[in-house]
Amino acid sequence: MLAFQGPQILQKHPILPHYSSPISSISPNPNPNSLSIRPSNNQSIQSLCLKNNLKQALQLLYKEPNPTQHTYELLILSCSRQNSLSDAGIVHRRLIHDGFDQDPFLATKLIDMYSHLDSLERARKVFDRIRRRTVFVWNAIFRALSLKGNGEEVLELYRRMNAIGVRSDRFTYTYVLKACVVGEWLSWGLSKGREIHAQILRHGYESHVHVMTTLVDMYARLGCVDDACFVFNEMTERSVVSWSAMIACYVKNGMSLEALELFREMMVQSDDLLPNSVTMVSVLQACTALAALEQGKLIHAYVLRKGLDTVLPVTSALVTMYARCGELELGRRIFDQMDRRDVVSWNSMISSYGSHGFGRKAIDLFNEMVSSGTKPSLISFVSVLGACSHEGLIEEGKSLFQSIRKDHGTSPCVEHYACLVDILGRANHLDEAAKIIVDMRIEPGPKVWGSLLGSCRIHCNVEFAERAFKRLIQLEPTNAGNYVLMAEIYAQAGMWDEVTRVKDLLETRGIQKLSGCSWIEVKRKIYSFMSADELNPQNEQIHALLLKLSTEMKEMGYVPQTKVVLYHLDEEEKERIVLGHSEKLALAFGLINNSRGKTIRITKNLRLCEDCHSFTKFISKFVSREILVRDVNRIHHFRDGVCSCQDYW
């Protein structure tokens with residue numbers, strides 16, 4: 001490759017700034033008959049780059065007539081480390097001037113540099129101008145585009161790459177699989193992912209652990225648990241990343257029991273593989289989802305033994321785990337002991353206060369976070385607004401919502417509007433909540449309309465509920481929860497013909513509603529219960545205890561809330577149905593199998609119904625037991641016949 005020689009480069013360079021320092025003079029050659037030889041500056045430039053002295057390196061670059069490929073490589077890396085887009089432009093222009101613009105190796109480095117400097121447009125120009133594209137050049141642009149969420153563009157380029165016969169390597173497959181789960185087009189990302197899966201098998205990459213792990217992660221993110229599990233089970237070799245990906249797959253798809261079981265299998269089968277911080281975060285999330293406090297304590301002990309308690313995501317997960325298992329003070333203690341905190345750490349503690357109904361404490365902590373210099377994220381506002389909703393802090397919530405734009409210079413997103421609608425709706429300010437939706441600057445999504453429908457259920461407002469339901473069946477026609485909510489509202493209003501109409505709509509559209517499921521931890525084992533569950537070996541004992549307790553509590557004033565039953569049946573049959581709800585089955589199981597005085601912790605996948613709430617309040621007083629029930633909305637502490645939510649949930 002040709003490079004510009006001596007006298008040409010000594011002129012004032014047209015594309016580099018003219019540095020004031022003079023060109024070093026060269027000592028006269030003692031032999032007047034020999035040619036004058038100029039010493040190279042390449043080693044000095046490279047040394048300065050390695051020492052992060054980029055400005056000095058650029059000054060020497062101006063004086064060097066023949067920069068080498070390695071010199072340009074280190075200059076490019078130095079621009080990335082210094083986060084200097086302006087210096088990157090200087091290096092790039094000189095590189096072109098010296099004829100290195102068609103060097104595939106340097107093109108790869110340039111694409112990586114521009115990706116790091118958040119200049120995707122320049123990265124794409126480098127790719128478009130390089131004529132000889134090696135697989136490394138293709139991989140570089142795939143990586144850059146995937147990181148920016150341009151999944152569709154990646155797969156279009158991948159199609160072109162295959163068409164011209166460039167052979168993929170393991171990095172190619174990794175990047176294009178990741179492209180299947182980024183962007184706003186996930187509806188057909190799965191079909192593309194399956195095509196790439198087939199190509200991986202055809203080209204013999206099923207033994208590459210990194211490729212197969214990425215494949216597991218792709219299926220997990222697309223909600224295809226069976227596919228992810230199949231790939232995982234077929235892997236001949238598994239790394240800690242492979243195990244972590246499958247555990248995370250179970251957690252993300254609501255299968256926390258399976259996640260904990262797989263973690264146990266990992267610990268037994270893989271003596272040479274130690275769980276890393278990513279593994280522990282997923283396992284702690286599984287414990288959190290199931291309110292498995294005893295399991296969580298064992299995981300915490302392991303974290304301490306392995307020195308992972310200094311890793312911020314792990315510590316934040318510990319805070320959330322303890323708080324959502326009912327041990328809020330333990331969570332706060334861990335939070336207070338943290339040497340440093342990121343926004344995720346603050347969000348963990350703020351949302352923990354919110355889930356327990358301590359809205360004012362959540363607001364105080366939010367203000368403390370802002371005062372500390374930590375910039376709130378969008379999730380920070382969701383957490384603190386949610387906390388306002390749980391405690392009915394209307395004015396505080398409205399003020400915080402306004403501060404998103406006024407004090408923090410950003411625009412509220414759909415989630416923030418949904419929180420505001422929820423705050424107003426729960427407080428029975430439905431007219432104001434509806435006006436918020438009408439006046440929104442962005443399109444209300446299903447979360448906003450869902451918040452309004454949920455509030456209508458609390459206050460049995462048929463008019464607003466029908467308005468919200470009409471939009472929801474357009475936006476998400478297969479979400480069974482919306483149909484169930486609307487049917488419950490009609491049932492509360494005694495509109496049984498309308499209840500039948502909504503249920504018929506569910507049936508004709510082939511939509512299955514989510515069954516109620518509850519979990520309880522007893523002696524470090526997790527047990528699950530579903531309504532009308534006949535498989536539990538203690539089933540007869542559980543139902544006998546529930547019937548006995550119900551009968552005795554009626555004498556103390558307990559009245560079954562049968563309005564939650566969406567069938568036009570006689571009262572006795574309705575009472576039998578509500579007595580079989582999953583949280584009651586779990587509660588009875590806990591009373592039978594837990595030692596006297598031990599707190600009972602139950603998790604439910606749906607909202608706690610009015611009858612189970614009333615029943616559990618009576619039970620807590622009747623048997624002198626503290627009971628914790630966490631539903632999808634919040635955490636309920638029952639003690640001496642009173643719930644911490646003050647019947648506002």
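Modeller: Happy to, and please keep in mind that this is a predicted model. Let's start with arginine 332, which counts as buried.

Biologist: Why does arginine 332 count as buried?

Modeller: Its relative accessibility is 19%, and buried means under 20%, so arginine 332 gets that label. Arginine 332 sits in helix H19, residues 328-336.

Biologist: Which residues does arginine 332 touch, leaving out those up to four places away in sequence?

Modeller: Arginine 332 touches Met349, Tyr353, Leu365 and Glu368. Contact here means heavy atoms within 4.5 Å.

Biologist: Now phenylalanine 105, please. Why is phenylalanine 105 called partly exposed?

Modeller: The relative accessible area of phenylalanine 105 is 33%. Buried needs under 20% and exposed needs over 50%, so a value of 33% falls in between and phenylalanine 105 is partly exposed. This residue lies in helix H6, residues 104-116, and touches Gln69 and Glu73, not counting residues up to four places away in sequence.

Biologist: How far is phenylalanine 105 from cysteine 180?

Modeller: In sequence they are 75 residues apart, and in space 27 Å, C-alpha to C-alpha.

Biologist: Speaking of cysteines, how many disulfides does the structure hold?

Modeller: There are 0 disulfides. Take cysteine 79: the nearest cysteine sulfur belongs to cysteine 49 and is 7.8 Å away. A disulfide needs two cysteine sulfur atoms within 2.5 Å, so cysteine 79 is in no disulfide. Cysteine 79 is also buried, with a relative accessible area of 0%.

Biologist: What makes strands S1 and S2 a pair?

Modeller: Pairing takes at least two bridges, and S1 (residues 517-522) and S2 (residues 525-530) have 6, so they pair, in the antiparallel sense. Valine 522 stands opposite lysine 525 in S2. The two strands form a hairpin with 2 residues between them, and lysine 523 in the turn has a positive phi of about 50°.

Biologist: And which residues does the "domain: DYW" annotation cover?

Modeller: The unreviewed UniProt entry gives residues 557-649. Over that stretch the chain is 35% helix and 17% strand, with the end C-alpha atoms 22 Å apart.

Technical notes: Residues are numbered from 1 along each chain as its sequence is written. This is a predicted model: local features need pLDDT of at least 70, side-chain atom pairs count only at pLDDT 80 or more; totals for chains, interfaces and linings use all residues. Side-chain values use heavy atoms; hydrogens and water are left out. UniProt positions are given in the numbering used here, feature names are shortened, and annotations may be inferred rather than shown by experiment. Helices (H or I, at least four residues) and strands (E, at least two) are DSSP runs, numbered from the N terminus. Buried means under 20% relative accessible area, exposed over 50%, partly exposed in between (1.4 Å probe, protein chains only).
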